[in-house]
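This report describes the fold, helix packing and selected local features of one protein. Please consult the sequence and structure shown below while reading.

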Amino acid sequence: MKWRLRLMMLFEYAIWGAWYVTVGTWLGKTLHFTGQEIGAVAGTTAIGAMISPLFVGLLADRLFDTRRVLAILHLLGAALLAVAATQSAFPMLYTVLLIYSLCYMPTLALTTSLAMRHINDPGEEFGAIRVFGTIGWIVVGLIVGAWGVEATASPLYLAAALSLVMAGYCLTLPATPPLARHQRFELRHAFPFESITLLRNRSMAVFALASFLICIPLQFYYAFTNLFLNEIGVVNAAGKMTGGQMSELFCMLLIPWFFRHLGVKYMLAVGMLAWVLRYVMFAFGAPGELVWMLWAGIVLHGICFDFFFVVGQIYIDREAPPALRAATQGLITFLTYGLGMFVGSWVSGTVVDAHTTAAGHDWRPIWLMAGACAAFVLVLFVLLFKDRKSTVGSAATVIN
């Protein structure tokens with residue numbers, strides 16, 4: 001069963017990694033979209049993340065078997081990705097990818113909930129299953145990079161093929177019927193209204209605000225790094241960017257040690273500081289003697305992601321009452337991958353457009369602007385956030 005669930009996670013995240021990392025290069029270098037248009041396309045997943053709780057709460061929890069919902073969504077997704085690959089005008093391409101994101105983003109939560117239903121101890125076993133999603137992202141990134149098709153629509157066709165395979169594979173997964181079939185659906189089941197009351201606590205409110213704000217500079221990385229690396233002449237940029245996911249796996253192992261020595265506040269701060277350093281590295285790095293700075297900026301992704309998002313999940317699990325933990329995690333997901341990334345897609349696109357040149361883009365001020373945004377959030381967080389002393393056991397329990 002565990003290996004079947006691991007394969008599910010591998011396909012799930014390989015689909016996303018196949019097209020999302022390189023789509024900005026295709027849009028910018030081949031279709032000549034503006035920065036705002038590229039940012040808007042990258043932001044379609046954020047809109048999907050904001051709306052997906054309704055799908056999860058209504059479809060899988062109350063109406064249909066989760067595996068069938070997954071199969072239908074991925075089948076639709078395969079068709080939509082194939083259609084998107086044939087488009088060259090922004091309005092139609094954006095519309096198709098927006099509809100696709102509304103189909104795909106709910107599957108992230110659905111695969112997680114399905115896995116949780118079929119393992120005995122999620123706290124002990126889920127991590128070893130979810131890590132295969134990161135492995136899938138790495139493998140497909142290496143394939144796209146070695147294939148040399150980053151500036152073409154081929155990654156979208158690859159994602160469509162993987163989505164089609166995933167649709168068929170989902171039907172082989174164990175039956176996962178809805179648990180709340182006989183309960184009346186209410187809006188409060190889809191959106192975490194109750195968890196908003198926790199924001200009355202100053203530290204929780206500061207954490208929520210910082211989580212939202214830090215995702216604005218984060219979108220600079222997701223939407224434009226591949227285009228940046230290709231424009232400055234980095235070979236196999238997509239393959240090299242998988243170094244960020246590789247470092248993510250390594251940093252995950254370091255979290256317990258750092259948690260014991262730094263605690264929540266300073267681990268979160270280190271994660272945000274890594275964002276600042278990453279963008280400084282991108283601003284001054286270049287192929288040749290300074291290529292190490294580009295590598296450093298990519299590898300810092302592990303600290304950026306794990307030390308903020310993973311540690312943030314630990315913090316929520318510790319601070320929220322048991323009955324509100326899932327809802328509060330959902331609220332933070334809405335603020336980060338939803339609202340934060342959506343705003344970030346608009347801001348990053350505007351900044352990139354402001355620094356467009358005849359030869360491409362003036363990348364140094366773009367990355368310094370992103371770094372300045374991250375530095376502002378870091379200072380705000382360090383000054384306002386206060387954390388009570390945590391125990392080692394609480395961290396180890398969540399991480400393991």
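The sections below proceed from the overall model to helix packing and then to individual residues.

## Overall model and confidence

The structure is a predicted model. Its secondary structure comprises 16 helices and two strands. Of the 400 residues in the protein, 54% are buried. Among contacts between residues at least 6 apart in sequence, 85% join residues at least 24 apart.

The mean pLDDT of the protein is 86, and 88% of the residues reach 70 or more. Confidence is highest in helix α8 (residues 154-170), where the mean is 97, and lowest in helix α16 (residues 392-399), where the mean is 42. Across residues 390-400 the pLDDT is below 50, and this stretch has 15 contacts in the model beyond near neighbours in sequence.

The crossing of α10 past α15 is left-handed. By class, the residues of this contact comprise 22 nonpolar, one polar and two charged.

Helix α11 also packs against α15, at an angle of about 165° and with the axes 8 Å apart. This angle therefore makes α11 roughly antiparallel to α15. The crossing of α11 and α15 is left-handed. From α11, the contact is made by K265, L268, A269, M272, L273, W275, V276, Y279, F282, A283 and F284. From α15, the contributing residues are R364, W367, L368, A370, G371, A374, A375, V377, L378, F381 and V382. The residues of the α11 contact with α15 divide into 19 nonpolar, one polar and two charged. An α-helix has 3.6 residues a turn, so residues three or four places apart point the same way.

## Packing of α3 against α10

Helix α10 also packs with α3, at an angle of about 120° and with the axes 10 Å apart. That angle makes α3 oblique to α10, and the crossing of the two helices is right-handed.

In this contact, G35, I38, G39 and A42 of α3 meet Q219, A223, F224 and L227 of α10. The contact of α3 with α10 contains five nonpolar residues, three polar residues and no charged residues.

## The enclosed helix α2

Is helix α2 (residues 23-30) largely enclosed by the rest of the structure or largely open? It is largely enclosed, because six of its eight residues are buried. The buried residues of α2 are V23, G24, T25, W26, L27 and G28. Their cover includes α1 (2-20), α3 (35-42), α5 (66-84), α6 (90-117), α8 and α10.

Most residues other than glycine have a negative phi. H32 lies in the loop between α2 and α3. With a relative accessibility of 61%, H32 counts as exposed, whereas six of the eight residues of α2 are buried.

N236 is also a residue other than glycine with a positive phi, near 55°. Its place is in the loop between α10 and α11 (237-284). N236 counts as partly exposed because its relative accessibility is 28%.

A146 is located in helix α7 (residues 122-147). At a relative accessibility of 65%, A146 counts as exposed.

How far apart are the C-alpha atoms of A146 and G239? They are separated by 6.8 Å, while the two residues lie 93 residues apart along the chain.

Notes. Residues are numbered from 1 along each chain as its sequence is written. This is a predicted model: local features need pLDDT of at least 70, side-chain atom pairs count only at pLDDT 80 or more; totals for chains, interfaces and linings use all residues. Side-chain values use heavy atoms; hydrogens and water are left out. pLDDT is the predictor's confidence in each residue, from 0 to 100. Helices (H or I, at least four residues) and strands (E, at least two) are DSSP runs, numbered from the N terminus. Contact means heavy atoms within 4.5 Å. A crossing is left-handed if the near helix is turned anticlockwise from the far one by less than a right angle, and right-handed if clockwise. Ala, Val, Leu, Ile, Met, Phe, Trp, Tyr, Cys and Pro count as nonpolar, Asp, Glu, Lys and Arg as charged, and the others, Gly among them, as polar. Buried means under 20% relative accessible area, exposed over 50%, partly exposed in between (1.4 Å probe, protein chains only). Axes are lines fitted to C-alpha atoms, for helices over the stretch in contact, and angles run from 0 to 180 degrees between N-to-C directions. Angles under 35 degrees count as roughly parallel, over 145 as roughly antiparallel, 65 to 115 as roughly perpendicular and the rest as oblique.
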